[in-house]
Every structure is written in C-alpha cells, then in structure tokens.
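Here is a friendly walk through one protein model, meant for someone meeting it for the first time.

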Amino acid sequence: MAYKFVDNYRERGARKKLVEHLASRGITDKRVLNAIGKVPRHFFFDETFWNQAYKDIAFPIGDGQTISQPYTVAYQSELLHISKGDKVLEIGTGSGYQTCILMELGAEVYTIERQESIYRHTLKVLPGMGYKANFFFGDGSMGIASHAPYHKIIVTAGAPFVPEILLKQLKIGGILVIPVGDERSQTMVTVIRISETEYEKFELDTFRFVPLVGDQAW
C-alpha cells in the first residue's frame, strides 16, 4: 500500500472521469459523486498498481479482501441518504475507502474490521490522509452495541441473512444497507426501522461481495 500521499493533476483528472462514469451508470446523488471525486483512491493501492485505481473495478488488498468497486461504494452510499452529523456504523473497514467516502458526506463513522493485519494498516493510513474515524477490531456481524444506536448502518460484505442484532442497533427512522445472499451473489437490501418492533425491507440489485464472517454470519 502507498504511503507517499501524492495527488497531482493526473490522478485528479482520473477521478473526474470516474465520477462521470458513475453518473452514466445511474448514480444521481451529487454529494456522493463529489465525495468520490475528492477521495484519492490511489492512496489505497501499492504504487505499482496506481494505474488500476480509477477503473471501476474491485481490487485485491490482501488477506482475501478487496477494495470495493467504486460503483458499489457509490451505490451503497447513495442508499444511506447520509445527513451531516449522522452516526454511521460500518461493518467491514477493509481498505478504508468506503470509510473516507462516508466521512466526506459528513458522517461520524464507527467502523469495525475482523482481519487484524488490515485493521492495523488502515488505522495508520486513514489518519495520515486526514480522516479520523472511530476504529474497532472485532466481529462486525455483532455490530458495536456499546456505541448504539446509529442513524445508519452499512455492511460491506455479503451476509447469509440480516442479523437481528444489527437491526436493534438502529435508531427509529434509521437505515441499514446490507448485501444478502449466498457466497456467489447477493441482493442489496435496505431496511428502515419504523418503530421499536417494526421494520420495512426493500430488495434491490444484485452484487458480489466477499463473505461476512462472524457469529451472526458465515
């Protein structure tokens, strides 16, 4: 991974083209597009692979994990409808790219990662970029109950079902975005908490994520 934080006209131009591409694919939230245009995605790549950073593809980051495809990041971010100051729980810190996008949208982010090497790496890299999230190491499928409730919860790995424990950590009126399915493909699911006991569920498009591993997952 890169530690030389260099962002010149070439990278900024590549981000602008990526934003245009995402808009052409149906991302309409201007705030999300602006966030994609600000976060230097190449910082999450080894310099050898900087030419891959602004392609609309997922890319391996080690330990069987990937940095998510920009379209997927934008898609999930758009579904969250983040307002400035929202308290957001992110399940699966990974590279930290999605974390940065959430923070650019004005969220206060609580993010949890179960892979220790990735957790420790991201814990160093994001503050160096100027992004100060609340980092946690552990089983994300259980959420972080000690800091609940949250306005929004985003899960960045494929789950076999919607964990009840995550639903209980939502504020009333809060939104959970989670990919649900088998290990080959998942349907993006949005759940809105209507009351203490009621939830409204929407099933959307199909994606492919790495599996969510933990007590309430695979």
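Pro 127 counts as partly exposed, because its relative accessibility is 34% and the partly exposed class lies between under 20% for buried and over 50% for exposed. This is a predicted model, so please read every value here as computed from it. You can find Pro 127 in helix α5. Setting aside residues up to four places away in sequence, Pro 127 touches Thr 122 and Lys 132. Its C-alpha atom is 24 Å from that of Leu 80, a residue 47 places apart from it along the chain.

Pro 179 is found in strand β7, and with a relative accessible area of 1% it is buried. Residues up to four places away in sequence aside, Pro 179 touches a list of residues that includes Gln 76, Val 155, Ala 157, Gly 158, Ala 159 and Phe 209. Between the C-alpha atoms of Pro 179 and Ala 159 there are 6.2 Å, although 20 residues separate the two along the chain.

| Residue | Element | Relative accessible area | C-alpha separation |
|---|---|---|---|
| Pro 127 | α5 | 34% | 24 Å to Leu 80 |
| Pro 179 | β7 | 1% | 6.2 Å to Ala 159 |

Now for the sheet. Seven strands make up an open sheet with mixed pairing, in the order β5-β4-β3-β6-β7-β8-β9. At its edges stand β5 (134-137) and β9 (199-207); each has a single partner strand, so one side of each has no neighbour in the sheet. From one strand to the next, the twist averages 15°. Strands β3 (residues 87-91) and β4 (residues 108-113) pair in the parallel sense over five bridges, and Glu 90 stands opposite Thr 111 in β4.

What lies inside? In soluble globular proteins, nonpolar side chains tend to be buried together. Here the largest nonpolar core has 47 residues, and among those with the most contacts inside it are Leu 22, Ile 27, Phe 44 and Tyr 97. Elements giving two or more residues to this core include α1 (9-24), α2 (30-38), α5 (116-129) and β7 (170-181). The most comes from α3, with six residues. A second, separate core of 20 residues includes Ala 159, Leu 170, Ile 178 and Leu 212.

Helix α3 deserves a look of its own. Eleven of its eleven residues are buried, so α3 is largely enclosed by the rest of the structure. Among these buried residues are Pro 70, Tyr 71, Gln 76, Glu 78 and Leu 80. Just after α3, His 81 takes a positive phi of about 50°.

Finally, which residues lie nearest the centre of the largest pocket? They are Gln 65, Thr 66, Thr 156, Ala 157 and Val 210, out of 31 lining residues. This pocket holds about 490 Å³ of space. β2 (65-67), α3, β3, α4 and β4 each supply at least two residues of its lining, and the largest share, three residues, comes from β2.

Conventions
Residues numbered from 1 in each chain as written. Predicted model: local features only at pLDDT ≥ 70, side-chain atom pairs only at ≥ 80, totals over all residues. Heavy atoms only, no water. Core = buried A, V, L, I, M, F, W, Y, C linked by side-chain atoms within 4.5 Å. Buried < 20%, exposed > 50% of the residue type's maximum accessible area, 1.4 Å probe, protein only. Helix = DSSP H or I, 4+ residues; strand = E, 2+ residues; numbered from the N terminus. Pairing = 2+ DSSP bridges. Axes fitted to C-alpha atoms, helices over the stretch in contact; angles between N-to-C directions. 1 Å grid on protein atoms, 1.4 Å probe; cavity = no way out; pocket = protein on both sides within 12 Å on 5 of 7 lines; lining within 4 Å. Points joined across faces, edges and corners; volume = space filled by probe spheres on them. Contact = heavy atoms within 4.5 Å.
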